[in-house]
Amino acid sequence: MTRKNGWVAGLAAPVMIAVMLLSAGSPRVAASDQPSAANAEVKIDNFVFGPQTLTVPVGATVTWTNKDDIPHTTVSTDGVFKSKVMDTDEKFSYTFTKAETYSYFCTIHPKMTGKVVVQ
Amino acid sequence: MSSFFPTRGFLGTGATFAADINLVVQLIMGAALITGLVLAKQKRYQAHGICQTTVLLLNLLMIGLVMWPSFRQVKPSFRKVVHNWYYTAAAGHAVLGITAELLGLYIVIVAGTDILPLRLRFKHWKRWMQTELVLWFIVLVSGVGTYYVWYMAPVR
């Protein structure tokens, strides 16, 4: 290694280490907490809506898919949207046009709850 | 589910309000039927008739308001009933329950009215009523089982 190359490597190494440390130290944000693309998905699996809290931009369409082998529904607590009973692999979609937090639940199993945050 | 009721139940099991109310009412009706049996043993037949008929009619109301709408909502196909306990429990309970309710109505009609012709009336009162009582308690147990499968087992 020449003296010049060694100097560049000596400078680059701490920069790379600093970048790695910075990225490692930055707070990890769950995907569900960030406004995601215009289309988002919620899976109903083992009696749980996943993710339980989904953040989407205004105009986003959220699709719920029932992955359980028993029926579920998706109904907002304030009556904004209401799915029919979804069988296995059936889907329900709703487009959110207003920034608000929408709480929803399954009417057959009311312990199953979720939230869509529209920003 | 019927919109007469709020959504969340009050027994803390994850069931709907309607299912919780139904469970409590069914258990009370079971106790009332035992009371009716005691009344018959004491030869207080009029009180016995009123007690058992009230239970039968109240159950008809619970079927119409809670159980039938719940069952119809999930629309179980034959394939699902055979392969999935969730549906098997409900379908089994429905078949037994409808049988018990119809048999009960038949007994009440024969015992309390003269509508049916003689050839359609039974004579062995005790045997018919005992059969109905045993069937009713089998239905009660299967109903508690259905409640467990639908609401308690999934959230354990």
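The model is predicted: local features need pLDDT of at least 70, side-chain atom pairs count only at pLDDT 80 or more, and totals for chains, interfaces and linings use all residues. Residues are numbered from 1 along each chain as its sequence is written, while chains are lettered from A and ligands numbered from 1 in the order in which they are written.

**Chain A**

Chain A has one helix and eight strands. These elements are DSSP runs numbered from the N terminus (helices: H or I, at least four residues; strands: E, at least two). Their order along the sequence is α-β-β-β-β-β-β-β-β. Chain A has 119 residues, and 26% of them count as buried. Burial counts other C-beta atoms within 10 Å of a residue's own, with C-beta atoms placed from the backbone (buried: 20 or more; exposed: 12 or fewer; partly exposed: in between). Among contacts in chain A with a separation of 6 or more, 44% come from residues 24 or more positions apart. A contact means that two C-beta atoms, placed from the backbone, lie within 7 Å.

**The sheet**

Four strands of chain A form an open sheet in the order β3-β8-β7-β5, with mixed pairing. Pairing requires at least two DSSP bridges between two strands. Strands β3 (53-56) and β5 (75-76) of chain A are at the edges; each has a single partner strand, so one side of each lacks a neighbour in the sheet. Strands β7 (residues 101-105) and β8 (residues 113-118) of chain A pair antiparallel over five bridges. A:Thr101 has A:Val117 in β8(A) as its bridge partner.

**Backbone features**

Most residues other than glycine have a negative phi, and most peptide bonds are trans. Which bond is cis, joining A:Gly50 to what residue? The partner is A:Pro51, and omega is about 0°. A:Pro51 sits in the loop between β2 (48-50) and β3 of chain A.

Two non-glycine residues with positive phi are listed here.

**Contact between the chains**

Nine residues from chain A and 11 residues from chain B make up the contact. The chain A side divides into five nonpolar, two polar and two charged residues. Here Ala, Val, Leu, Ile, Met, Phe, Trp, Tyr, Cys and Pro count as nonpolar, Asp, Glu, Lys and Arg as charged, and the others, Gly among them, as polar.
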